[in-house]
Amino acid sequence: MLILECPYCGVKADETELSPGYEAHLKRYGPGSSPEEFEAYMFARKNPKGVHFERWRHAYGCGKWFLAARCTATLEVFGTYPAQSGEPPAELQAKIKAKRPNWEGYK
Amino acid sequence: MSTRLQKGGRLIDRSRAATFTFNGKQLTGFAGDTLAAGLLANDQMLVGRSFKYHRPRGIVASGAEEPNALVNMGEGGRFEPNQRTTTTELFDGLTATSQNHWPSLEFDVGVVNNYAARFLPAGFYYKTFMFPRFAWKHVFEPVVRQSAGLGKVPQGPEVDRYEYAYAFCDLLIAGGGIAGLQAALVAGGAGKRVILVEQTPHWGGRAPVDGDVIDGISADEWVKKTVQALEKMSNVTMRLRCMAAGVYDHGYVLADEKVADHTPGDGRPRHRLWRIRAGKIIAATGAIERPLSFAGNDIPGVMLASAVRDYVVNYAVSPGDRTVIVTNNDDAYRTAIALKEAGLEVPVIVDARTNVTGDLPAKARAMGIRVEAGRAVVKVKGAKRVTGVAIGLQAGEGAVLEEIACDAVAMSGGWSPVVHLWSHCGGKLTWDDAQAHFRPDATRPPTNQDGAAMVATLGSANGQLSAAAALADVAAQLGGKAVTADTVHEAALEPVWIMPQGAGHKLKMKMFLDYQNDVKVSDVQLAAREGYTSVEHTKRYTTLGMATDQGKLSNINGLAVLAGALNDKIPNVGTTTFRPPYTPVPLGALAGESRGDIFQPLRKSPMHGWHEAHGAYMEPVGLWRRAYCYARGSETHEQAVQREILNARANVGMLDASTLGKIIVKGPDAGRFLDMLYTNVMSNLGIGKCRYGLMCNEQGFLSDDGVVIRLSDDSWLCHTTTGGADRIHAWMEDWLQCEWWDWKVYTANVTEEYAQIAVAGPNARMVLEKLGGMDVSKETLPFMSFADGTLGGLPVRVHRISFSGELSYEIATPAGHGLALWEALIEAGAEFGVMPYGTEAMHIMRAEKGFIMIGDETDGTVIPQDLNLGWAISKKKADYLGKRGQERTHLASPDRWKLAGFEALDGSVIPDGSYIIADGFNGNGQRNTQGRVTSTYYSPTLKKGIAMGLVKGGMDRLGDVVEFNTLTTATVKARVVDPVFYDKDGEKGNA
Amino acid sequence: MKRYSVFAIAREAMNYHLGWEKAWGNPEPKKDYDVIIVGAGGHGLATAYYLGKNHGIKNVAIIEKGWLGGGNTGRNTTIIRSNYLQDPSAAIYDKALKLYEGLSQDLNYNVMFSPRGLLMLAQTHHEVRGYLRTVHANMLQGVTTEYISPARVKELVPIINIDGPRYPVLGALYQPRGGTGRHDAVAWGYARACAAMGMDIIQQTEVTAVRSEAGVVKGVETSKGFIGCKKLGVVVAGHSGQLAEMGGFRLPIEAVALQALVSEPIKPCMDVVVMANTVHGYMSQSDKGEMVIGGGTDGFNNFTQRGSFHHVEETLRALIETFPMISRLKMLRQWGGIVDMTGDRSPIISKTPLGNCFFNCGWGTGGFKAIPGSGWAMAELMAKGEPGPLAEEFSMWRFKEGKFIDESVAAGVAH
Amino acid sequence: MRDPVSPLGNASFDGFCKIREIGPLGMISLRAKPDVKELAKAVKAAVGTKLPAQRRIEIAGDKACGWMSPDEYILILPYGETDAAMAAIAKAMGAAHHLAAVVSDARAVFRVEGDKANQVLAKLCPVDLDALAEGELRRTRAAQVAAAFWKEGDGFTVVCFRSVASYMMGLLSHSAEKGSELA
């Protein structure tokens with residue numbers, strides 16, 4: 001039963017107030033992309049046992065999508081940040097690196 | 001025999017008798033008794049039969065760990081099987097019956113299994129019952145099932161109510177013994193928000209029973225004083241009868257509060273399920289005494305030493321006149337002393353240790369109790385009740401030195417911390433050699449969302465078994481004013497896993513580890529011998545610890561026996577996983593308030609009440625209820641649907657379309673956004689106009705459709721399907737927030753702001769004109785346009801769109817006016833023959849017109865191209881959601897099944913769900929297919945069966961005859977036709 | 001290996017059951033094998049078994065990180081059925097069902113397959129139509145199913161509340177041959193049969209890397225050192241992603257938690273398996289008398305074998321609505337498993353970009369019922385290097401082509 | 001023009017708290033970002049309050065403005081005044097990017113009154129009510145539906161969607177049953 005803090009409204013939201021949205025920072029491939037690119041965009045998922053970047057929507061709240069860095073093995077949450085982010089904030093990446101020295105980075 | 005003592009009983013109120021029945025027999029106890037205490041007070045030691053061998057079973061314990069004393073309780077809608085008598089509070093009028101026997105508790109036919117026990121070792125069923133093949137299901141399994149199970153099946157519908165409650169705290173303390181109370185006092189004093197829960201109806205735990213002295217006063221007094229102090233703290237919440245059932249991630253704790261189990265029918269919720277979010281959790285959940293494994297340790301009258309003490313001290317119940325104590329530790333001497341002090345006889349204390357020292361044995365000896373060191377109970381004599389014990393050397397093989405008559409045996413194999421809450425989220429354990437138990441390893445706690453320790457254990461749960469140690473533990477972990485308990489010197493225990501240590505196979509087949517599931521020492525050894533050496537294999541193969549007590553008594557003894565059999569150390573064998581709940585929780589409590597009218601939200605349109613009042617048969621559509629049809633008099637639903645259709649085609653009908661989604665999309669980039677969302681172009685739609693549009697997911701599959709209208713230069717209103725409103729709104733927001741966040745677009749889901757009514761049929765315009773208020777003529781309001789205005793004095797937006805193929809107006813009005821508008825239309829339409837129609841008529845009318853329906857023609861694997869909707873897919877657009885997906889080889893294949901109409905050659909209705917057969921069989925021997933039906937109805941308009949479906953080749957197959965399968969060997973031959981069956985030129989809708 | 005039978009039990013009983021042999025051994029790994037299977041769950045063991053039985057490949061090691069049968073094989077709700085909609089699914093699940101029907105005899109181990117019948121309730125008109133479609137499809141697939149009336153449902157399941165109030169039962173898809181099996185026994189039975197063929201089941205051994213040369217697999221690094229092989233089969237459910245990464249490619253898989261629970265045991269009251277997909281719950285009664293209950297999955301990646309409790313509550317609310325009397329039963333134990341979900345929720349039985357390396361995964365919430373069929377198909381794929389008809393459609397490349405095997409289309413079908 | 005009807009006709013329930021359905025109230029959903037300078041003006045013009053900060057509701061007599069999300073506000077006012085307010089918003093916002101929609105009829109509004117009102121909500125919402133500040137508008141879930149509430153007077157005002165009004169009434173009544181007080 002996760003708690004994730006919504007970066008928009010500051011609520012420490014209960015999992016039941018949220019809708020999950022799976023992997024974050026996917027690049028959309030539209031017309032003109034190769035079959036491999038499109039497949040990667042639609043299906044190939046990182047699915048790490050460890051640090052995972054994912055999408056959540058504060059569905060029973062402000063309705064906004066946000067992103068979270070969470071460990072799928074311990075469920076530790078390293079941080080949340082707005083969905084309008086091209087990549088995880090640098091300080092969040094540093095925090096994760098400090099806590100998980102073997103982490104290979106978000107890419 | 002067991003009986004009520006004349007004096008004592010710290011928890012009972014002798015002034016309040018409670019009459020109850022057991023197996024129809026009327027018995028009397030006192031307020032404050034548990035049902036088990038009440039039964040024992042009436043000499044009812046035999047209370048049930050075991051699972052497998054149907055052996056007689058008596059009360060073993062005095063708390064949540066009880067494996068045997070489970071009863072059917074209550075009657076009718078309050079009947080509940082498997083109620084644990086040791087945790088059930090006695091109340092006046094309680095009724096209970098024993099379980100798992102036939103015909104009676106005293107004489108149970110199932111006991112034949114006991115005589116055949118030798119042939120029924122662990123896992124015997126895996127090795128037999130295999131022939132003949134059908135026999136397992138039809139012969140053996142029914143016998144196994146009938147003899148297994150425990151309680152009876154509840155019959156009546158539930159009569160009680162339940163509720164959830166949420167709570168938040170810095171610190172949740174589970175367990176209201178002295179460690180929990182002191183922890184609450186310290187944390188509460190430090191200003192923390194504390195919730196303290198205790199599963200029993202009493203604070204204080206075992207300390208008062210054990211006669212501890214804390215801060216110079218009796219434990220009883222100290223508990224009272226501490227509780228009073230806590231009650232004064234506004235930041236501390238205390239709940240009795242509230243069991244912390246499970247710890248979940250991120251500090252989430254479920255706790256089950258038995259609000260009214262002991263006062264049934266008083267109108268309060270029976271249970272309340274607390275959902276607590278705690279910053280930190282402290283498990284001060286105590287410890288559980290272990291049985292000893294000697295032959296006949298399951299005979300009624302053999303009890304845990306601590307339980308014997310509880311019954312004497314708490315309830316003034318004597319389990320027997322002569323109680324033999326058998327132990328490997330000093331604590332059991334407390335029981336001997338308590339019995340002696342109550343005036344009962346203790347013929348002997350059988351102590352497995354060769355060297356017995358310590359304060360308590362000294363006291364026992366001083367009281368004149370005989371202590372035999374280095375001795376073992378070789379076996380217990382008796383059948384339905386203990387009659388004596390045979391004693392031998394613990395170091396021996398079972399030679400009997402002496403037989404002693406007794407009617408009860410109190411055993412103690414040491415104590416195991418209750419580590420469940422620690423372990424639920426992965427807290428690790430460490431083996432404590434000195435105390436021969438697993439206790440929490442504080443260096444490997446379960447962690448929370450911050451990666452920090454989430455649970456701590458205190459007191460006995462942390463292996464600090466004495467009062468002094470427990471309180472010192474609180475001080476060490478939480479600080480606060482030091483509270484000290486008088487120290488009693490206790491000598492070390494000596495681990496004893498098999499008694500006597502050299503016992504032979506015959507004895508080991510009578511040494512029970514798991515009383516309820518009938519798992520014996522010999523079974524665990526057999527599992528090890530056969531290679532089921534992982535602790536999980538052993539557990540599953542023997543069913544050790546899988547009974548309703550989940551191994552609270554049996555696990556450690558079983559592990560030790562397994563370790564012995566593998567010649568390995570106990571910690572290397574490890575434990576099985578602790579899973580919630582700590583003790584079983586009623587499913588009703590877990591479902592909370594959700595039943596009956598508030599089982600799920602039932603969404604109602606503003607006209608919902610009208611439909612119900614007018615005979616509508618309502619069907620669930622998502623969480624909505626929509627009118628399926630309005631049957632009149634003796635009409636069947638089918639007849640009603642046909643009447644509604646014919647009337648709409650001949651006169652005029654009305655449909656409640658309020659559930660359709662309505663989403664405003666506005667902004668400088670709104671047109672561009674809609675062009676990405678829909679397969680066709682919406683940016684060039686004229687203001688005041690309507691356009692049908694399709695939406696696909698990124699895979700390319702059709703996900704929703706609806707009419708889009710242009711409200712102004714920068715705003716559109718998108719209609720979605722009933723099921724699509726929230727989904728599509730979320731979909732829009734997803735793209736706007738996560739992909740195109742620099743586009744200037746806002747959306748608003750205004751679905752529920754409006755009631756929407758379709759008025760359809762040749763007389764539709766006349767009905768609207770009768771109401772008056774705006775010009776709804778063909779010239780002013782042509783097909784596929786809309787206008788705002790009033791009708792009958794109500795504010796409306798009128799759309800000229802048609803899903804029925806008839807002249808049709810869809811009228812939206814603020815929901816608060818919905819019913820008024822509906823009634824006004826019904827009234828105005830009376831002279832034009834208006835009738836409401838339901839969803840089924842709508843389905844059929846649209847099928848007659850060849851309109852597709854999301855969910856019928858689509859199923860998540862269909863693309864618009866399959867449905868001949870290419871006209872609604874822009875060829876000019878470089879991109880739209882789903883375009884790339886549709887380019888994939890399988891989706892672009894010419895072999896895809898495509899939409900066509902079908903008419904059975906004999907005019908019949910093609911069976912719903914049927915497939916179009918193709919020649920031959922595939923590699924797996926399955927008949928090849930070339931299509932399937934998607935919508936099939938009897939058309940009352942055309943007086944014949946019509947169908948839409950997908951077929952390889954689609955409209956290229958016009959005129960072909962294909963074969964649909966049926967649920968018999970027969971097939972239905974049908975011709976491929978144009979799916980527009982009615983008004984092919986669309987003259988009616990345009991009228 | 002001595003055969004199990006009632007006579008064997010009687011014989012051993014005379015000797016306090018001291019004479020039973022080990023069901024499987026505890027071997028040290030050899031230097032190399034013809035085939036290594038990673039994962040000694042039901043699917044992995046079945047693969048090994050059929051490699052030996054059908055293809056004569058017996059120089060096989062099955063490597064298991066924990067204890068055999070300890071993953072999803074030992075934590076599912078034991079439902080067995082084959083009433084699937086799509087041809088490839090119906091084929092492999094029905095193959096599995098047919099093998100289950102004779103599995104106890106085949107393995108000489110009673111897996112307690114109990115064809116007690118399985119019902120999927122139709123509680124909306126949409127669901128009615130979905131199941132009518134399935135029953136027509138099954139007809140052509142050779143899978144025997146029926147669409148039955150509410151009255152017949154009530155006859156089969158007297159404890160059901162047929163009239164709602166919220167979702168009246170409108171009918172049901174009934175597969176009389178469906179039922180349950182004893183999950184642990186399936187793993188144990190296959191394990192014992194593999195051991196009897198001389199295969200090595202190596203437990204408590206973790207694969208840490210996949211070694212390959214020139215795009216062809218050579219063996220695996222393990223916590224017990226390198227073990228060579230000619231062919232590698234990976235059958236590790238929730239951990240498939242990690243193994244694929246070791247092999248240098250990515251799978252369309254996400255691991256999520258699926259939860260289940262059992263009630264305390266009561267006397268027999270329900271002789272069929274009931275699935276109610278509108279309200280997301282399914283229930284059967286075990287031979288011990290427990291009501292075995294499952295529901296939906298969590299919506300986020302999770303490797304903890306613990307789920308979020310609100311899903312359990314949702315399932316129970318739904319089932320109490322359907323079976324009001326269970327309100328008075330108690331939850332005895334709840335647990336979670338890691339299930340591997342693909343893009344279309346159907347499995348992958350496939351060659352991979354790495355030569356001689358084969359994956360069997362993605363069974364999501366429906367793996368147990370497939371075990372024998374999955375093992376059969378995987379063994380065929382591994383033995384021949386090319387998929388047979390059973391595995392053909394389950395290639396890992398189907399997503400690129402958009403060739404889905406989507407079972408959710410008929411009516412939200414849980415497992 | 002006829003008066004609109006509230007979803008439940010102002011039903012009420014007496015338990016350990018009083019539950020009343022109120023309304024219909026006028027409501028406008030206004031979407032714009034707070035850094036759009038016209039926004040504060042528009043809110044002022046429509047309901048007379050200042051722009052609320054994150055998770056706040058500004059109340060002025062029978063009008064209010066609540067923060068719903070970083071770019072969404074709810075304006076509350078008498079039912080009959082929404083047209084005027086919409087006009088005022090349109091005027092104040094001018095060409096600035098925004099969306100304003102009347103949602104009065106899309107909502108049901110309840111009052112939960114009494115000194116144990118928080119206990120009713122504590123049974124339904126996963127919200128730490130002790131931590132709820134004065135003037136805080138909390139959007140959350142009440143059992144299985146979306147809800148928003150804030151403290152006002154001797155209790156709470158609770159808003160949900162119109163279609164689930166009777167479900168919400170059922171929840172609130174069940175939770176306020178006499179004898180089921182939490183403390």
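This is a predicted model: local features need pLDDT of at least 70, side-chain atom pairs count only at pLDDT 80 or more; totals for chains, interfaces and linings use all residues.
How many residues does each chain put in? Chain C brings 83 residues and chain B brings 88. On the side of chain C that touches chain B, several elements give two or more residues, and strand E16 (330-342) is one of them. The helices on that list are H1 (6-13), H3 (87-101), H4 (103-107), H5 (125-141), H7 (183-196) and H9 (309-322), again of chain C. Which of these elements gives the most? That would be H5(C), with eleven residues. If you sort this side of chain C by class, you find 41 nonpolar, 21 polar and 21 charged residues.

As a reminder, a pair of packed helices is described by the angle between the axes and by the distance between them.

Here is one pair: helix H8, residues 332-341, and helix H9, residues 359-366, both of chain B. Their axes come within 9 Å and cross at roughly 25 degrees. An angle under 35 degrees counts as roughly parallel, so H8(B) and H9(B) are roughly parallel to each other. Their crossing is left-handed. From H8(B), the contact uses B:Tyr333, B:Arg334, B:Ala336 and B:Ile337. H9(B) answers with B:Leu360, B:Pro361, B:Lys363 and B:Ala364. By class, that makes six nonpolar residues, two charged and no polar ones.

The other pair is helix H22, residues 764-771, with helix H23, residues 818-829, also in chain B. These axes come within 9 Å too, and they cross at roughly 110 degrees. Are H22(B) and H23(B) roughly parallel or roughly perpendicular? Angles from 65 to 115 degrees count as roughly perpendicular, so that is the word for H22(B) and H23(B). This crossing is right-handed. On the H22(B) side you can pick out B:Val767, B:Lys770 and B:Leu771. They meet B:Ala824, B:Leu825, B:Ala828 and B:Gly829 of H23(B). The contact has five nonpolar residues, one polar and one charged.

Terms used: Residues are numbered from 1 along each chain as its sequence is written. Chains are lettered from A and ligands numbered from 1 in the order in which they are written. Axes are lines fitted to C-alpha atoms, for helices over the stretch in contact, and angles run from 0 to 180 degrees between N-to-C directions. Helices (H or I, at least four residues) and strands (E, at least two) are DSSP runs, numbered from the N terminus. Angles under 35 degrees count as roughly parallel, over 145 as roughly antiparallel, 65 to 115 as roughly perpendicular and the rest as oblique. A crossing is left-handed if the near helix is turned anticlockwise from the far one by less than a right angle, and right-handed if clockwise. Two residues are in contact if their C-beta atoms, placed from the backbone, lie within 7 Å. Ala, Val, Leu, Ile, Met, Phe, Trp, Tyr, Cys and Pro count as nonpolar, Asp, Glu, Lys and Arg as charged, and the others, Gly among them, as polar.
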